[in-house]
Amino acid sequence: TLAVQLTRGEEAKIGVIETASTEAYDAFLQGWEQYQRQTAEGLKAAVGHFKRALELDDVYARARAALAASYWQVFRRYWHNEFGYRSVHSARFEAEKHLMRAQKSPTSLSHQVATAMFSLQGHHTEALAEGGKAIGIVPNDADSYVALAGALSLAGNPDDALRLIDKAMRLNPHFPPHYLYERGLAEFGVGNYAAAATALERAIQLNPEDRWSGRLLVAVYGHLGRVQDAENLLDSISRNPRGYDPLTVRAMAYWYPYKDPADRERLAAGLIAANVAD
């Protein structure tokens with residue numbers, strides 16, 4: 001009755017069925033709810049649900065991509081010991097293995113994970129391309145805009161990153177805490193340190209295990225001259241053994257492979273001002 005005319009591409013997207021198993025789909029949804037918490041316990045529960053989904057449908061590409069995303073978070077957050085891995089890189093290999101299998105039937109989620117992986121490796125052109133593909137598959141998937149925003153921030157385009165994060169938050173007003181981390185990263189990129197601090201502090205309040213927001217917030221505090229706040233945060237991070245990896249200027253350079261040297265220098269300057277060790 002609405003007399004809507006769809007393009008062939010739109011008709012094809014509507015016709016795609018990710019899995020014929022309602023049980024597998026239900027397991028995926030339960031896992032995704034846990035994944036969005038971005039906590040160690042949440043990820044453990046998520047992995048269990050995603051594996052269950054794949055037991056029910058071993059070609060369920062979205063569940064496979066979700067498993068890759070989970071192990072990527074284990075790698076990024078140094079939670080490998082809690083998942084039974086001797087090395088943090090073992091979790092990374094696990095993520096890459098599942099992503100390769102998921103990409104046989106690409107989904108927006110598989111492209112989101114690829115965006116994050118390429119971005120961390122400093123392959124900015126590839127990361128931006130993957131982010132664009134994620135949005136192209138599902139234009140109303142807020143997570144795709146956030147994934148691309150993260151890549152844009154590291155590629156030296158935080159202004160566009162902020163616009164995408166705004167759009168993501170409109171699409172998903174009940175957004176998970178990591179959206180606030182990406183907003184903080186983009187605000188840091190444009191030099192709006194007060195706004196960056198507000199976003200990152202809120203992210204940590206919602207998820208105290210968010211070490212990424214904590215590390216970046218230390219640099220933000222340095223630029224704001226809030227040295228005591230930075231030292232208090234550093235002390236809090238060092239007293240939390242979960243996912244601990246040394247917070248140094250050099251280590252941060254690894255985790256934030258900015259394309260523009262000026263962005264790397266801005267990050268280092270904030271950390272040095274906050275009395276972070278070299």
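This is a predicted model: local features need pLDDT of at least 70, side-chain atom pairs count only at pLDDT 80 or more; totals for chains, interfaces and linings use all residues.

Q: Which residues lie nearest its centre?
A: Those are Q73, R76, A116, A147 and E182. The whole lining of the largest cavity takes in 31 residues.

Q: Which elements give two or more residues to the lining?
A: Six helices do: α2 (22-35), α4 (61-76), α6 (108-120), α8 (142-154), α10 (178-189) and α12 (211-224).

Q: And which one gives the largest share?
A: That's α6, with seven residues in the lining of the largest cavity.

Q: What's the lining like by class?
A: You get 17 nonpolar residues, nine polar and five charged.

Q: Let's go back to E182. Where is its place?
A: E182 sits in helix α10. As a reminder, E182 is listed with the residues nearest the centre of the largest cavity.

Q: Is E182 buried or exposed, and what's the nearest side chain of opposite charge?
A: E182 is buried, and it has no salt bridge. The nearest side chain of opposite charge belongs to R76, 5.6 Å away.

Q: Why doesn't 5.6 Å make a salt bridge?
A: Because a salt bridge needs a side-chain nitrogen of Lys or Arg within 4 Å of a carboxyl oxygen of Asp or Glu, and R76 is 5.6 Å from E182.

Q: What does E182 touch, then?
A: Setting aside residues up to four places away in sequence, E182 touches V146, G150 and I165.

Q: New topic: Y193. Which helix is that in?
A: Y193 is in helix α11, which covers residues 193-206.

Q: Why does Y193 count as buried?
A: Because its relative accessibility is 17%, and buried means under 20%.

Q: Last one: where does R86 lie?
A: R86 lies in the loop between α4 and α5 (88-102).

Q: Buried or exposed?
A: R86 counts as exposed because its relative accessibility is 85%. Leaving out neighbours within four places in sequence, R86 is in contact with H80 and N81.

Note on methods:
Residues are numbered from 1 along each chain as its sequence is written. Side-chain values use heavy atoms; hydrogens and water are left out. On a 1 Å grid over the protein atoms alone, a cavity is a set of points where a 1.4 Å probe fits but cannot get out, and a pocket is an open set with protein on both sides within 12 Å along at least five of seven lines; lining residues have an atom within 4 Å of a point. Helices (H or I, at least four residues) and strands (E, at least two) are DSSP runs, numbered from the N terminus. Ala, Val, Leu, Ile, Met, Phe, Trp, Tyr, Cys and Pro count as nonpolar, Asp, Glu, Lys and Arg as charged, and the others, Gly among them, as polar. Buried means under 20% relative accessible area, exposed over 50%, partly exposed in between (1.4 Å probe, protein chains only). Lys and Arg count as positive and Asp and Glu as negative; His and the chain ends are not counted. Contact means heavy atoms within 4.5 Å.
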